[in-house]
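This report describes one protein chain through values computed from its atoms.

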Amino acid sequence: METVPYLDLRPQYRTLRSDVLKAVEEICESTTFAQGPATSDFEAEFATYCGVDHCVSLNSGTSALHLALRCLDVRSGDEVVAVSMTFIATAWAISYVGAKPVFVDIDSVRRTLDPDKLEAAITPRTKAIIPVHLYGMPAEMDRVNAIAERHGLPVIEDAAQAHGAKYRGKRVGQFGKIACFSFYPGKNLGAYGEGGALITNDASIAQRARSLRDHAQSQKYFHDEIGYNYRMDSFQGAVLSIKLKHLDAWNAARTDRARCYTDLLKGSPYKLPAQFSDSECVWHCYVIETAERDRVRSALQDAGIQTAIHYPLPVHLQKAYAHLGYRSGDLPVTEALCKQCLSLPIYPELSKEKISHVASVLLDLEKSRTLHA
Ligand SMILES: Cc1ncc(COP(=O)(O)O)c(C=O)c1O
C-alpha cells in the first residue's frame with residue numbers, strides 16, 4: 001500500500017545536510033552558542049526578505065506575539081481583537097499581558113478575519129487587532145487597516161503560517177505595526193528546533209523587543225522592566241539562514257502541489273480552498289471542507305494517508321477560555337470550519353504521484369457514498 005505522510009522533513013534535510021552540519025560545526029568551534037553572529041545575520045536577511053527595517057529573532061512565535069503586545073503596552077483591562085480560527089498561541093499572548101481576547105468570525109471563503117465583523121468588536125478598551133494569515137493565505141489587510149486607522153489602533157499580523165506570502169504584491173509582515181513569525185520545524189520556514197521572530201519598521205519597537213527578549217537589560221545585570229529569556233539560539237539562526245535561500249522555491253513547489261490537488265478535485269463535492277487575485281498564498285496547509293470530515297479522515301487513514309485537522313475546536317470554545325463566556329453558535333463560520341476542515345498532506349517534496357493517490361482515494365470515497373446513498 002502506498003503511504004502518504006502528512007509532512008516529511010527528511011528529504012529537505014538531505015539536500016541541506018552538508019551546509020547544516022558545517023554551520024553547526026562552526027558554531028561549536030567558535031562557541032558562539034547564544035547571541036552570536038548566526039542570529040544577527042539571520043535577522044538582517046529575514047528583514048530584507050520581508051521588506052522591513054528590523055527583525056528581532058526569538059525562541060518561538062508565541063514569544064513574538066507576547067513581545068508585540070508588550071511593545072505596544074497592552075495590559076490588564078485592555079481588549080485585543082483577534083480571530084478564534086487560529087492556533088491557540090494567538091490568544092495566549094493576549095492573556096499573557098493580562099488583556100482580554102475579543103474574537104471575531106472569519107470570512108467563509110478566505111478563512112481569515114472578516115472585516116465586515118471587525119468594527120462591531122471594537123470598544124473603547126480595544127488596544128490592538130491581530131489578524132491571522134491562516135494556512136498561508138493573507139488576511140484582507142487593506143480593509144482591516146482602514147478600520148484600524150479609523151479607530152487609531154495598531155495591527156499585529158500573525159504571520160506564523162505565511163512566510164513569504166504576498167498581499168497586493170508585497171510580502172506579509174509589511175502591513176501591520178508589527179508582524180510575528182514562528183519557525184516551528186513544520187512551518188514553511190522551519191528551524192531545527194524552536195524559533196520565532198518579530199518584524200517591524202519602527203526602530204523603537206525593535207529596540208524594546210531586543211531588550212525584553214534578553215531580560216530587559218539596559219546594561220548587563222541592570223533591568224529596567226520585567227523581561228524574559230526569549231532569545232533564539234545560534235544553531236537555529238544558522239539553519240534558518242541556510243533555509244531562507246530556498247524559501248521562495250519551496251513556496252513555489254507548495255503552490256504547484258496545491259494546484260495539483262485543486263485540478264484533481266475540481267467538481268467534487270469537497271469544498272476546496274479558494275484563490276484570490278489580490279494574494280499569493282504560500283499553502284502552509286491545503287484544507288478541504290466536508291460535512292463527513294471524520295469518516296473521510298478515517299477512510300484516508302485506512303488507505304495509508306495521513307491528514308491533520310487545523311483546528312478541531314476554536315479558541316473561543318476551549319476550556320481555557322470558558323471564563324470569557326462564549327457559547328456554541330457565537331462564531332458560526334469559525335465553528336463550521338472547525339467541524340469540516342481537513343488538511344491534506346502538503347510539503348515541497350511531496351510527489352505528484354502521492355497527490356494523485358490522495359485525490360483518487362478522496363474521489364472514490366465520494367463515488368461509493370453516492371452509490372450507497
Ligand atoms: C497562527 C499561529 N500563531 C502562532 C503560533 C505560535 O508559534 P510557536 O509554535 O513558534 O510558538 C503558531 C504556531 O503553530 C501559529 O500557527
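## Charge

The chain carries 42 positive and 44 negative side chains, and the centres of these two sets are 2 Å apart. Lys and Arg are counted as positive, Asp and Glu as negative, while His and the chain ends are left out. Each charge is placed at NZ of Lys, CZ of Arg, CG of Asp or CD of Glu.

## Basis of the values

The model is predicted: local features need pLDDT of at least 70 and side-chain atom pairs pLDDT 80 or more, whereas totals for chains, interfaces and linings use all residues. Residues are numbered from 1 along each chain as its sequence is written, and side-chain values use heavy atoms, without hydrogens and water.

## Fold and dimensions

The chain has 12 helices and 14 strands, taken as DSSP runs (H or I of at least four residues; E of at least two) numbered from the N terminus. Its C-alpha atoms occupy a box of roughly 70 × 55 × 35 Å along the principal axes.

The radius of gyration is 21 Å, which agrees with the value near 21 Å for a compact globule of 373 residues. That rule is 2.2 Å times the number of residues to the power 0.38, with the radius taken over C-alpha atoms.

## Burial and surface

Of the 373 residues, 56% are buried, meaning under 20% relative accessible area with a 1.4 Å probe and protein chains only.

## Cysteines

The whole structure has 0 disulfides, defined as pairs of cysteine sulfur atoms within 2.5 Å. Cys260 is in no disulfide, and the nearest cysteine sulfur, that of Cys281, is 15 Å away.

Key:
Buried means under 20% relative accessible area, exposed over 50%, partly exposed in between (1.4 Å probe, protein chains only).
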